[in-house]
Amino acid sequence: MSIALALAKAGAKPAGKRPYFLDQEVERVMAIAMAAVQELAVARERIDTLERLLEARGVLTTGEIDAFSPTPEQAAERGLWMQEYIARVLRIVQQEGEAITAGAHGDLYSEDVAVELAADAPV
Amino acid sequence: MDGSGETPIIAAAPAYNGLPDSRVVGRHDMFPHTTHDDVARINFLAQLNRHLATQVAPFVKTAWEARAEPRARAAEGRPPKDRHEVRKALLGDPMFATWSALRRMTMEQRQQTGRWIALREAETLAARAKALTENDPRLSLDPALPIPRYVSAVDHHCMAGSYHTELIPGDVSAGANYDVGMFITTGGLLGRWSDGGGRAIVEWVKREKPDFKPRRILDIGATLGHNLLPIAAAFPDAEVIGLDVGAPMLRYGMARAKALGLTNVRFIQADASSLPMFEDGAFDWVQTTMFLHELSLTSMRAIFSESHRLLAPGGVVLHVEQPQYTPEMPLYEQAMRDWDAFYNNEPFWSTLHEIDLDARFVEAGFARDKLIHDKVSADARDIFPAAADDTVEDFGRKAAWRLVGAEK
C-alpha cells in the first residue's frame, strides 16, 4: 500500500551523515519546532481558505471574524480552553516545579524502588 | 462605522512583491495529486527559504564582519587565506550555525513534503507512467547499469534514495518528488514548468547561433527532462535525447514529456562517461544544466571526452552552472556558496567551482579559441513578475548561471 510506504519512508534519512550546527539536543528540538511551525502555517492556510469560501457563499462577510466579540459565556468557554491548552503544553514545567519540593518528601526513582522491592527479606 | 457619515477610508492592499502561491506551477497528467495541506507545506517552505535568504543570511554577513572574521584573524595573526578557513571560522559563529541549521532543516522538510506526496500514491503514479510509456521505444532502461559512486555515496541535496532507488516495481516516485518540490528550493524562479534553465539556454542559442539547425541533441543528467522540453519545443525537427542513470526519473520524464505533448524526445538510462551506443559525431549539441557539480573529477573528464567524441564538426557543448570561484569573488561569498557541498550533500560542488574548466575542455580535445563563456538566467515572469527585478542572493540557489562550453 502506498500510504504505508509514505508513512514509513517520507521522512527517510538520505545517505550521508547529518551535520549538526548547534548542540545536537538543541538542533533536534529546533527541528521538531520547525516542523510544528510548518504545520501551523498549513492549518492557518486551511482556515484562511475556509473563511474565503464561506465569504464567497455569503455565510460570512469580510471582516466579520475580526469584528467578532464573544459573549461573556463564550469568552469563559474559550478562556477555559486556553487555560487547559497552555497547561498541556507546559506540562514539563509544572512537573519540574512540583519536583522541587517532592524531593524533600522522599520522591524516588522507580528504578531505585525496584531494587528496594526486589530485595529479599534477610534470612 | 463611527456614525460621522464620512466615507470610511479603505486601506489599499499592501504592495506584495513576494513569492506567488505554488499553485502557479504547471500541472500535467503525471503531476502527483496534492491536497490543500501539501500545497500549504510547499508554500511555507518556499517562503521560509526566501526568508532565510533575505532576512537571516545578511545577519550571517554582519556576524562574519563584526566578530567571526576578527576572531579568526586574531587567532591566526592573519586574515583567513581561503574559503575553507572562512567556513571553519563561520562554523563557530552562532548566527551562521542558526542559519545553517534552519537551511538544512528546510532541505529535509522539503524532501519529506515531496516524498509524502509522491509515495502516498506511488502505485497510482507508477501505473499512470506505465500506461503512458509501455512499449514506447523512446524510453530505454538498463536495469544492469552500475550506479556511479558520485551518485550512490551520499544522496544529493538530502534526497533520500537519490535519483535511482526504486521502492516498488516501475517506481517513478523520485521523479514525482523532484517535480513537485522544485518550486521550494528555487522559490518560483524557474517558472511555471520549472524549465527556466532550458528556456535560458534556448534563448542563448537562438540569439548567438541563429542559423544553428541541430539534428540531434543530447541532454546529460536530464532527470525528469524539465530543461530538455523547452529545447525540444524550440527545435521541433531535432531529436532530443535525455540521459540519466536513474530509472524512476526517466520513466517519469518520458511520461511527463508525453503528457505535455512533446514527441521529439527520448529518454535513455546510461552513464555518460561511456556511451558506446552512439557513434562518433552523432550529436550537434550536448547540453547539461546544473549537472557538473554532481559529478566527480574522473567522471567529468570522461564525460568531457565523450562529449567531444559525440559531437559532429560544428557542434556545440554547453554547460549551465553556478559561477566559478574566481580571485575576484570574496572568500566570504565562496565559503557561503560552498555550503551545499558540505551540508547539503553536494560533495563535488566545491571542487568543481575552483578548477580550471577551460583546461578540462582543452584536455578533452576542444580548441582553446573555441571555448564559450557567458551568463544566462531564468525568466520566471510567467508566474513571478517581481522576479525580473530580483536581487536576492541565495548562495548557489539563484537562477542566474554561467554558461561554459565549446564549439567543435
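This is a predicted model: local features need pLDDT of at least 70, side-chain atom pairs count only at pLDDT 80 or more; totals for chains, interfaces and linings use all residues.
## Fold of chain A

Chain A is built from six helices and has zero strands. Its pattern along the sequence is α-α-α-α-α-α. Chain A is more spread out than a compact globule, because its radius of gyration is 25 Å, well over the 14 Å that the globule rule gives for 123 residues. Along the principal axes, its C-alpha atoms fill a box of roughly 85 × 50 × 35 Å.

## Surface and charge of chain A

Of the 123 residues in chain A, 11% are buried. The chain exposes about 10100 Å². Carbon and sulfur atoms supply 61% of that area.

Chain A carries 12 positive and 20 negative side chains. The centres of these two sets lie 13 Å apart.

## Aromatic contacts

Over all chains, the structure holds 15 aromatic pairs. One of them joins Phe278(B) and Phe283(B). Their ring centres are 5.0 Å apart and their planes meet at 80°, so the pair is edge-to-face; the cut-off for that class is over 60 degrees. Phe278(B) counts as buried at 5% relative accessibility. Phe283(B) is also buried, at 0%.

One aromatic cluster brings together residues of chains A and B. Its members are Phe21(A), Phe96(B), Trp99(B), Trp339(B), Phe342(B) and Tyr343(B).

## Charges over rings

Trp339(B), a member of that cluster, has Arg103(B) over its face. Arg103(B) lies 5.0 Å from the ring centre.

Another such contact involves Lys206(B), which lies over the face of Phe235(B). Here the distance to the ring centre is 4.3 Å.

Terms used
Residues are numbered from 1 along each chain as its sequence is written. Chains are lettered from A and ligands numbered from 1 in the order in which they are written. Side-chain values use heavy atoms; hydrogens and water are left out. Helices (H or I, at least four residues) and strands (E, at least two) are DSSP runs, numbered from the N terminus. The radius of gyration is taken over C-alpha atoms; the globule rule is 2.2 Å times the number of residues to the power 0.38. Buried means under 20% relative accessible area, exposed over 50%, partly exposed in between (1.4 Å probe, protein chains only). Accessible areas come from the Shrake-Rupley method with a 1.4 Å probe; for residues, only the protein chains shown count as cover. Lys and Arg count as positive and Asp and Glu as negative; His and the chain ends are not counted. The place of a charge is taken as NZ of Lys, CZ of Arg, CG of Asp or CD of Glu. Rings of Phe, Tyr and Trp (its six-membered ring) pair if their centres lie within 6.5 Å; planes under 30 degrees apart count as stacked, over 60 as edge-to-face and the rest as tilted. A charge sits over a ring if NZ of Lys or CZ of Arg is within 6 Å of the ring centre and within 35 degrees of the ring normal.
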